[in-house]
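Trainee: I'm new to this one, and I'd like a close look at the place where the two chains meet. Could you walk me through that part and then follow the strands out from there?

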Amino acid sequence: MREKFKGILLIFLVMCSMGLTYRLWFGRPPLEEGTAPRYEYAYFTPLPPLSEVVRPKEIIFCGGEKPHLYRRGEEEYRRLWSRGRRTLAQVLDPEKMKRCSSEELEAAREKAAFKLVYAFDPPFPLEFSSERLATTGVDARVITFLWGKDSRAIFMEGNEIYGLPLPEEAWSQDEFLPTAVKPGLQLPPVLVLNVVDEQAGETGCNSFETAETPGETGSLSLGIAGNAGTAQGESYEIRVSGEIFIEEEGLTAAEIMLEKEDLQREELVKAFFLDLSMARRIEEKDGAFYYTNGEKGLRIYTSGLVEFTAPRLDSSLQQRMPYSQALQKGIENLSLYGGCPPSAYLCAARNSGNGYRLSWCQVTDGLVWVGENAGCEIVLNEQGVTFYRRNFPVAGAEIAARRPFRPYEDALRQAVCLYRDELPGKKATLLSLRPVYYLTAGKNGQAVPAWAVDFAETGVIYLHWSTLKPL
Amino acid sequence: MDFSRARTVLIWVFLFLNFFLLDQIWQGEGGGSYIFPGWQEEASRLETALQAAGFSLETTLPRGGTRLAHLVVKPGEPAVEEFIYSVWQVLENGREDFPMPVPEKSPNGEKGVAGRKSYYFGDYCLHAEKKGLLVLEANKKNISHQKNTSGGEMLPVLQGFIRKDPFLKGFIYDYTQETQQGTVVHYRQGYEGFPLYGGFLELMSGKEGDFVFTLYRLEPLGFAAQTREVISPAASLLRFLEVYETNQEPVKKSIIDLALGYYSCGYDAEKWEIPPVWRIRLHNGEVYYINAFTGHLEK
């Protein structure tokens, strides 16, 4: 009996020693192995297809007396772009694309009865529409569909111009004809503005009505009704840079209440930090939350503004990243860090030396939201995102009934009047003119419709859409 | 063959072996001072790195392998006028003629600095910064009884003051340091057995009796929920050497203290989380804090 017990005890001890040896040998994790990172690579919004990363700034259809202008966010714009990109994906072939001169393009334009122009800013990498074009490296600023009775072609303008005949089977004219009429007009190359001092109104500048007088050699003289012929005004010559299209009529808007974007804070922090246990939280006195792990910092303001910086990734030694790759990384990061709202569009992309700076803007009914910290900005390089700022408020109710925009001539004249001291020689260069929503700062933010007048000499001037007071 | 005797011998052998293995496992999990064979490689790597950087290690490596969480703190809110009164009582040996502190402006009419209020009383000046830092300065010409006070003589006075003032309760003596300007006595806070280096009290006594008293108090609110393993002390030293090498001249230096605690700089914030750090103190008085989670140098 005793021997049996000793035998069992011995077997037990042998098994224990085997177990303990195993535990000692394999059981202990390596010295510096911490908790396995639980990086939740979950996108806030699904990644859009590549062909949707860059969308046209505006679509212009010419096929009658007046051009038709469609802006981002409009239903007709979406339909025309959807049709356009499907056709591009179908027909673009590097072997069939032919390099063209600007004269050839001009000749084709004059010959065509119909013209559908997709204007891009930032440029559209053609490889996004078809993998066949991955090696061409063409970034198109303008894609033009031209067609007439017996010819159809696509022209792509970037650093060089490429042309491609449209095969009949890939073409249906009806799909490219606008279903909604939205007449616009193209500003002439030169505008002459008459500004009169005596009519100082509420804004400290002129109050006026509009009168257009076709000037000589394509210029447009904008006189002042009520005073025309009776008061001597100062004449300003405005040179229009590039092609600027404006809605001819029917442009109405109302002030909109803004609401804070409902972002899941914890989820957002998890997206930025590899391991949440390494990020420490600081609750600031103004109610903002700041998270940092010593290398990067994320600040979430009470207003909904989100700012992230990772200065250590900001190195000038990195390799140059291709433009298309920067766009892909940009949209991936936007989808990962808070998501891309349906109303957001990529509105700027430039190489800033330390990496690409990409900006997304929101659009409502064709009007871009502008203002301090409006939209989203990402700076990224090969190593990752070095800067991220996001402010995508949600549009609430309209504050009052919609009212029409003051005519663009009034806005131009008001801008000249306000900044006349900065326009030496009574000349100015108009870089852009567009209706926008201007986001006011403060707790109870509003989006105010405005004219954005961009003179090379003054920078962008925002004018209230109804009173033309500067914002 | 006597199988019974053989079984007995084997039982004893395996019993001994099992105890040995258990001890090894316990040591490996940080239960003792014995260096586990797995650390040997890191220890020799550290030794080589220390030699290459011209450092000698004059302290024993503490245990690692601990799981910790961030510590949540808020800044202490000193009642400045009460504090000034306590200071006056201690430094002026209970003089009753307590002068009302004059805020903002110096006797010469100098204006205060933004984010900081200055109070002038007697021969002292107290600067109270917005984020909670208090700096008390004494004019060397007017304080006769502070003349030639060494750190050792100052300590009982300071300890008495710390005991007396409720705002200074919980400060623990850390170390004394002799500098060219004079003697500096360092105090720190503590929480749940861990040093809290983020909250500190320093008394710098000049050779001519002048002194500067610097105080920053934190109110610990508790540990954050999520814990993780801290890096080993050897790893923290290796990280430190990486940072130190790039900035300093290669002269003979020694590490005199290495300890685990909590540290972050002060913020003008409502509350914040501070990380565990390995504090590395050098012979020349320099102090470095290596984040015990990330291995980054905390500034």
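How many residue pairs are in polar contact across the interface of chain B and chain A, with both residues at pLDDT 80 or more?

Mentor: The rule finds 13 such residue pairs across the interface of chain B and chain A, both residues being at pLDDT 80 or more. A polar contact here is a pair of N or O atoms within 3.5 Å; within protein, one must be able to donate a hydrogen and the other to accept it, and residues adjacent in sequence count only if both atoms are side-chain atoms.

On the chain B side, α1 (3-28), α2 (37-52), β2 (67-75), β11 (218-229), α5 (233-247) and β13 (269-274) each supply at least two residues that touch chain A. The largest share of that side, 14 residues, comes from α1(B). Sorted by class, the side of chain B that touches chain A has 17 nonpolar, 11 polar and 14 charged residues. For that sorting, Ala, Val, Leu, Ile, Met, Phe, Trp, Tyr, Cys and Pro count as nonpolar, Asp, Glu, Lys and Arg as charged, and the others, Gly among them, as polar. Helices (H or I, at least four residues) and strands (E, at least two) are DSSP runs, numbered from the N terminus.

Some ground rules before we go on. This is a predicted model, so to speak of local features we need pLDDT of at least 70, and side-chain atom pairs count only at pLDDT 80 or more, while totals for chains, interfaces and linings use all residues. Residues are numbered from 1 along each chain as its sequence is written, chains are lettered from A and ligands numbered from 1 in the order in which they are written, and side-chain values use heavy atoms, with hydrogens and water left out.

Back to the interface. In all, 42 residues of chain B are in contact (heavy atoms within 4.5 Å) with 35 residues of chain A. The area buried between the two chains is about 3,600 Å², and carbon and sulfur atoms give 57% of it. In chain B, B:Ile11, B:Gln226 and B:Arg228 lose the most area to chain A, together 16% of what that side buries. Buried area is the accessible area (1.4 Å probe) that two parts lose on being put together, summed over both.

You can look up the one between the side chains of B:Arg7 and A:Glu3, at 2.9 Å, N to O.

Now the strands. Strand β16 (residues 280-284) of chain A and β13(B) pair in the antiparallel sense over 3 bridges; two strands pair if DSSP finds at least two bridges between them. A:Glu284 has B:Ala269 as its bridge partner in β13(B), and A:Ile282 has B:Trp272. Within chain B, β13(B) also pairs with β2(B), again antiparallel and over 3 bridges. There, B:Val72 stands opposite B:Glu273.

Elsewhere in chain B, 6 bridges join the antiparallel strands β7 (residues 172-178) and β8 (residues 182-191). B:Tyr173 stands opposite B:Tyr187 in β8(B), and a hairpin joins the two strands through 3 residues.

Chain A has an open, antiparallel sheet of 7 strands in the order β2-β1-β4-β5-β6-β7-β3. Its edge strands, which pair on one side only, are β2 (68-71) and β3 (98-100) of chain A. From one strand to the next, the twist averages 20°. Helix α2 (residues 75-91) of chain A packs on this sheet, touching β1 (58-62), β2, β4 (114-125), β5 (139-147), β6 and β7 of chain A, and its direction makes about 80° with that of β4(A). Helix α6 (residues 323-336) of chain A packs on the sheet as well, touching β4 and β5 of chain A, and its direction also makes about 80° with that of β4(A). For these angles, axes are lines fitted to C-alpha atoms, for helices over the stretch in contact, and angles run from 0 to 180 degrees between N-to-C directions.

Key: Salt bridge = Lys/Arg side-chain N within 4 Å of Asp/Glu carboxyl O.
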